[in-house]
Amino acid sequence: MSTATVAKTRPAKAAKPGRRRMSLPVVLLMIAGAIVLVSVVRMITGAHGITSTGQMSTALRLAVPIGLAGLGGLWAERAGVVNIGLEGMMILGTWFGAWAGYQWGPWVGVAFGIIGGCLGGILHAIATVTFNVNHIVSGVALNILALGMARYLSKYAFEGVEQGSSKQSPPIESLGTFDVPGLSEWLATLNQKHWFVVSDVAGLLGGMITNLSPLTVVAVALVPLTWYVLWRTAFGLRLRSVGENPVAAESLGVNVYKYKYIAVIISGGFAGMGGAFLSIVASNVYLDGQTAGRGYIGLAAMIFGNWMPGGLALGAGLFGYTDSLNLRGGTTNVHALLLLVALLLVVGTAYLVWRKRYLPALVTAVIAAVMYLWYANTNEVPSQLVAASPYLVTLLVLALSAQHLRMPKADGLPYRKGQGG
Amino acid sequence: GESSKSANTGGDKESGTYSGKGIGLAYDIGGEGDQSFNDAAHAGFVKADKDFGIGGQTFEPADGESEADKAQRIENLAKQGYNPVIGVGYIYAPAIKEAAAKYPDTTFGIIDDESVTAKNVASLVFSEEQASYLAGVAAASASKTDTVGFIGGVDIPLIHKFGAGFEQGAKSVDPKVKVIKKILTSTAQEGGFSSPDKGREAANGQIEAGADVLYHAAGLSGQGVISEAAKNKVWAIGVDSDQYKQDALKEYKDYILGSATKNVDGMVYELAKSVHEGKPLSGTIRGDLKSNGVSFADSNPKYKEMTEVVEAVEKAKKDIIDGKVTVKTS
Amino acid sequence: MCAIDASSSPPQTERATAVELAGITKRFPGVVANHDIRLRVQEGTVHALVGENGAGKSTLMKILYGMQKPDEGTITVGGEQVSFSSPADAIARGIGMVHQHFMLADNLTVLENVVLGSEKLHGIGGAARRRILEISERYGLGVRPDALVEDLGVADRQRVEILKVLYRGARILILDEPTAVLVPQEVDALFDNLRELTSEGLSVIFISHKLGEVLSVADDITVIRRGTTVGTADPKGITARKLAEMMVGSQLPTPETAESTVTDRPVLTVDSLRLEAEGGRAVLDDITFTIHAGEVLGIAGVEGNGQTELIDALIGLRPADSGTITLEGEEITSWATRRRRESGIGYIPEDRHRHGLLLDSPLWENRILGHVTEKPNANGFLLNLKGAQEDTRRIVEQYDVRTPGIDVTVGSLSGGNQQKLIVGREMSHAPRFLIAAHPTRGVDVGAQAAIWDVIRQARREGLAVLLISADLDELIGLSDTLRVIYNGRLVADADPASVTPEELGSAMTGAAAGHLEHTEAPSADSAAPVAPEDEAR
Amino acid sequence: MKKFDKERLLLAVAGPVMALVAAILLTSVVLLASGRNPIEPYVLMGEQLAFSDVQVLIVNQASLYYIAALAVALGFRMNLFNIGVDGQYRLAAMVTAVVGAHVALPAFLQVPLLLLVAVLTGAFWAGIAGVLKVTRGVSEVVATIMLNSIATALILYLTQKDTWGVPQGNNMTTGEMHPSGWIPGIDLGPDVGEVYGLIFLAVLLGVLYWLVLNRTRFGFDLRASGQSPEAAAASGVDARRMTLMAMLISGGVAGLSGLPLLLGDAHTYSLSFPAGLGFTAIGIALLGRNHPGGIAFAALLWAFLDKASPALDYAVPEPYEKEIATIMQGLIVFAVVISYEVVRVWGLRRQQKRVGEELAAAAAAAAGKSDKGDKTEKEVAAR
Ligand SMILES: Nc1ncnc2c1ncn2[C@@H]1O[C@H](COP(=O)(O)OP(=O)(O)OP(=O)(O)O)[C@@H](O)[C@H]1O
Ligand SMILES: Nc1ncnc2c1ncn2[C@@H]1O[C@H](COP(=O)(O)OP(=O)(O)OP(=O)(O)O)[C@@H](O)[C@H]1O
Ligand SMILES: [Mg+2]
Ligand SMILES: [Mg+2]
């Protein structure tokens, strides 16, 4: 026989290192760092628009529908159902919201928008949960169907009504907006001073409390609420368990179908609310094609946010911010961002050097230099680049961070009762 | 097999010399309810129907259709006996070119394009840049901050025309005037012509950057521009029709300095009239300042009170008509 | 088929009946998993359920637990006839089940996994945490409520599973092969717990393939074979061998000691192979061995000690972090899987459904899988469908794959027939080296023997085989050389001619190392635990 | 195994038929609910089928759909979801149009050059998503959604006046392509129109698709990866390479999907070049079950709904809403996937049952021949 192998009984396995989780202080520190960096860029470039109150307020308004769609995605995917039908559910939300809104007032409209989205959710749930249809396929079908439905119904509901047409609903009364008295103006004045960091923070905070629609407040509140419900209640635990391991949940008496249904319907409700926000708050009319792909963007924001409400809000905020930069005068502001990117890359280079990863560090440094040169040698960036910036930023961030993302384990997988074993 | 165009015939309206089914109006993407030139064309259509009782029908395009579909639509209309057949938008140019050759007895109209030259084709085009020039003059004259803004809907040459005229007009008042330009979206699908919210945010940004007169060429999105201007108590300049008189904008009309109008409805009406009378228009019919095809609407009494501004605009208008000034189109 | 009578005295009737299953029948498409099964469990006892792989034990338990509905038959709990439509009903009746395969959500914490479904008991916060710690303390489970399950090892997971059941205050516990992944001390601790539980009046249904364990812990035994009850047995009056014979339904042959065919021509040499997990922890470390032509090298080990990783490294699914692999003098460490397979490495994967088959494809396409570049499946870049189909027919014939034809999807075959197809496919390419991972797992006895014959035959013709199996008898019976893997290292070796399963077992738990001699006591740098006295034979 | 073949065929047909019937019924319900005649729209649309010019339109449109759907289906066969076909084909068409306008080779060189340019552009754009997925783990769904929007901006940038744009009136084009790159159509007379010459490309691609998937090693690997990535990896497929390849090929095919129109009719890329083809193609690929024949059928059906629905505009006394066609399209996809799933599960059950029965019968026969100690009982496990 062969020689005796060296044998040592080894101590019990060391626990696997847990996944890297960022603690609150670290997150806060990173946010603070980002603000300082942006402030530096603003001071250098004089592009005060990048942190103005209006900028932030616009960013928030643009982020809300994306965030709501993302929350919709989050609810569905946490229960294991991929929801690419968010776009369709949003369309239903815009339509139903406007249809009820112009007749019975905006709040009724919001309620109907949510109901419209829920209807889409029910359809998606029937297809994916009961019939085990591929989730993406069902979502695509829903998107087509919702588009056709909304157009078809518009011909009946809006054509011939005063100020309405087959493409547009009559105007809906506004939900109104409000500021926080005193504070809003004070922050706005502070923001106007263009002081280092102080004005930026004032802009950020001011934007959050200026010109607010009540629905925006509701939407923002839904982020922590979602977190609370999903992570701190029994209901949420069951819902998440269904997305992680439905068979295990089933084995403990959880009615998997029920939770999937609930989750997908709530998901539709969120998307519908996002749609209602578009037609009631953002525009005060339903318009054909109003959602313009925000459902997909919401989905992207959710993935970006690692299937967590906080991350999702950050993702939606980033979209809202870049989009708002674009809308609010674009070219010079985005030009200033080139410098920001260059600075960020320098920071990245330093980090990589610290981690002794020299080749990536070199590559990063070179890109940083290119960015800087681009910044230094131009006054504006092409407007098309500005328009593409939200998408580019998302792609970039995902490319840098996708490995750290973790989706619910049973997300998108078919499930049948009694399949366990 | 048989062609669909040979199938449906008959039902011609006989009224005087006119023999046809009425006006066949084919819309561009956006269709009815775009608060812009589709709607204007529709207004002309309605007016013509009212005046001559010639009737007719309107047709909307589908999403993502190709030129073949447009050709099919136009030819079908001609075959069925609609007269005149009007394509709203340059996008119909190839279709009308083809159909005009096949149906020499039908009068075709095309809006915003003059590339088709045929006896039975009337190209209804507009010098939007001239009206925009006047808007620029008005804006720069009325501005206290010497900063004015332009918000276009979608990144297409037509919108560049508006922007170019506006900028030239503004600079003609004072070369130091700053013109901030923003075009909302790259493509119409993204909602550049139909997103009041986008218009509003863009307007807000420009106002923040110091602009106190905003000119828009953004269809429905312009409603957002105007409402935001009103909210911030700065001037807005409307487009296409006299927006001071628009119902949907009543609330904000005090802040509408004027509108750079484009007489699409009038042109459609004229074309229908000419056909109805048996003397169909043909060739390029240019709506410019001289022919009143475009103009600067001054319905707002507050505008009329600003005599300096009014004078500047009148002078500019005269200069253009006299050919002293030529306005760039891009 | 020969019927075997219950070999034991009838069960004592002084205790009350906790659970009674009568006439349970359950059919799956193509399989009758349970047919007219009877089972009576007395209160306060441990009742063992034994039977071969695929006999229908798990199915029966899932029925009792409400996860599956029986087609026929009745369930009586505590004297009352019940009908469960979901596990919730069963849990409400005080039934708890630890499943054969872990039923845990990886991305949830231990606490969340435990309280799931029973949040009403103590909520999902502090109270629940206190209760978990209490139970954990009481039974010495050592569970950390806030750890993520994915960070836990198998034994810890097993404890969480047991805790889940205890947390719900179950009166009737179903444990489906709870010991498969536990080391002996843990098994002992578990058994102590079980005895404590039964003394409190709880009933336990216990499933295990380790008959020694069964005899030591059970108060009653029910044997099922091919889906039906064949009888009950009294653990005091029956030997493991007799029990095994009841399970398989006939006399057991004495293990075959085949003549050695080992040559001195090394086929596969692995030198200091190391594989790391994400955090840099070694999952395989310093693996060194050589397999010669005509040699079967058996690797024994408790599941999860690096076998899967070793297979992956050999077939090329995971790159080695250091060390070399050499195939007949050629170093293949950096080769891709395809090249390794083309150069003569055959592969019988441990999970045939995941790694060996395309379940929705017909048999002949599965014939191509893994050998798409080779004859008779391909001509250059084109597939040779005719060739593949013909050869599939040959395999079906030669390896006795029971199928109506080669165009049916492979998913509709039974596990054993699927396995025969895989074996046939791999052997058709005359491999030089074969990785056989659990080649007869879940395969019926007839197919088992056939597969063994194939491996022996190929060995005689000079094939080198790496055999990984949880079945120690299979390992000892087939191998020429035995190694024991523990914690990612080869810690011991043994001569299959003389080693006993007990000795192997103790090495598998890390209690023994070095060369295992039959006469010697295991080398002792740790207190040798009492090996389960009587393994299955 | 004739029996199984027949059954398979039956199952294959049952799905789409069920789906169509269900979709039509549901659409009728919608029509009824809105107080319209539930039958007439189908009649009106059906009548269109008899007109040769409508036929030409349908076939032409279907050729675009077909190629784009093949691109989508290729990804699906590998469990890759290429939502980015839309961006890929628009970008490819634009770049091809630019090359076609600035390069003037003889036709036998020009046409292959243009095809190559289209393929490479499409592949390049899809390849970005592929590379991101393979190297950085970015979901191809999100990446291609983003790339669609980026393509829109890029196209716009490249067709500005100071880049390659050539304004034509109010339209912005890339300038007329050199005629040597035009592909003549089959002219069926002035009243009927021209069938795109590149319809043959669509057919060829369909055949190639089938050949590659079913008759080549590569196709086998691709399908295996789609069915079971683990099994494919164990069989020697390099999953990353396969993913990248599938993405590149899908993108390449997507790049071709605008060409029948570009080279056959439009001869320039302009603002009026149709968009949204890539999204429609998803529905078509699904409807066609990712099978080249099925996709052809689905593409024709979709094109039919597109091209026949304008007829609803001319209905007397009151036109029908064209959106009925869109609703039908959505319902069809739903009905199709649900009925496929139902039929699949049913078929699987049947097959398993049949296998069980036949085996039981065989076993019974064997038991009849030899009693005790028969073949299956002879050899016994060691335990
Ligand atoms: N969901 C199912 N669908 C179809 N067949 C099934 C299903 N579950 C189990 N079977 C089949 O039923 C039979 C009994 O399986 P079961 O899991 O109960 O066996 P077991 O006795 O637990 O085996 P093991 O010892 O391997 O765990 C097997 O043939 C199995 O393939
Ligand atoms: N979830 C399931 N759904 C449908 N059929 C199943 C399922 N699981 C197993 N089967 C069927 O059960 C039969 C046996 O498969 P199974 O894998 O359970 O056998 P096995 O002998 O227990 O092997 P294994 O060790 O792989 O579990 C096959 O006909 C298979 O198709
Ligand atoms: Mg099994
Ligand atoms: Mg079992």
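C:R394 and C:D391 form a salt bridge (a side-chain nitrogen of Lys or Arg within 4 Å of a carboxyl oxygen of Asp or Glu), and their closest N and O atoms are 2.8 Å apart. The model is predicted: local features need pLDDT of at least 70, side-chain atom pairs count only at pLDDT 80 or more, and totals for chains, interfaces and linings use all residues. Residues are numbered from 1 along each chain as its sequence is written, chains are lettered from A in the order in which they are written, and side-chain values use heavy atoms, without hydrogens and water.

Both C:R394 and C:D391 belong to helix α14 (residues 385-398) of chain C, three residues apart, about one turn of the helix. Helices (H or I, at least four residues) and strands (E, at least two) are DSSP runs, numbered from the N terminus. C:D391 is buried, with a relative accessible area of 13%, while C:R394 is partly exposed at 32%. Buried means under 20% relative accessible area, exposed over 50%, and partly exposed in between (1.4 Å probe, protein chains only).

Over all chains, the whole structure holds 50 salt bridges. Three of them are set out below.

| Salt bridge | Closest N and O atoms |
|---|---|
| C:R394 and C:D391 | 2.8 Å |
| C:E112 and A:R240 | 2.8 Å |
| C:R93 and C:E80 | 3.2 Å |

The salt bridge between C:E112 and A:R240 crosses between chains, from helix α3 (residues 110-115) of chain C to helix α9 (residues 234-244) of chain A. C:E112 and A:R240 are both buried.

C:R93 forms its salt bridge with C:E80. This pair links distant parts of the chain, 13 residues apart: C:R93 lies in the loop between α2 (87-92) and β6 (95-98) of chain C, and C:E80 in strand β5 (residues 80-82). C:R93 is partly exposed, at 35% relative accessible area, and C:E80 is partly exposed at 43%.

Chain A is divided into domain 1 (52-177 + 212-325) and domain 2 (329-402), with bounds from an automatic or database domain assignment. The centres of these two domains, taken over C-alpha atoms, are 32 Å apart. Between them about 880 Å² is buried, and carbon and sulfur atoms give 79% of this area. Buried area is the accessible area (1.4 Å probe) that two parts lose on being put together, summed over both. A:F304, A:T322 and A:L325 supply 59% of the area that domain 1 buries against domain 2, more than any other three residues. Zero salt bridges are counted between the two domains of chain A.
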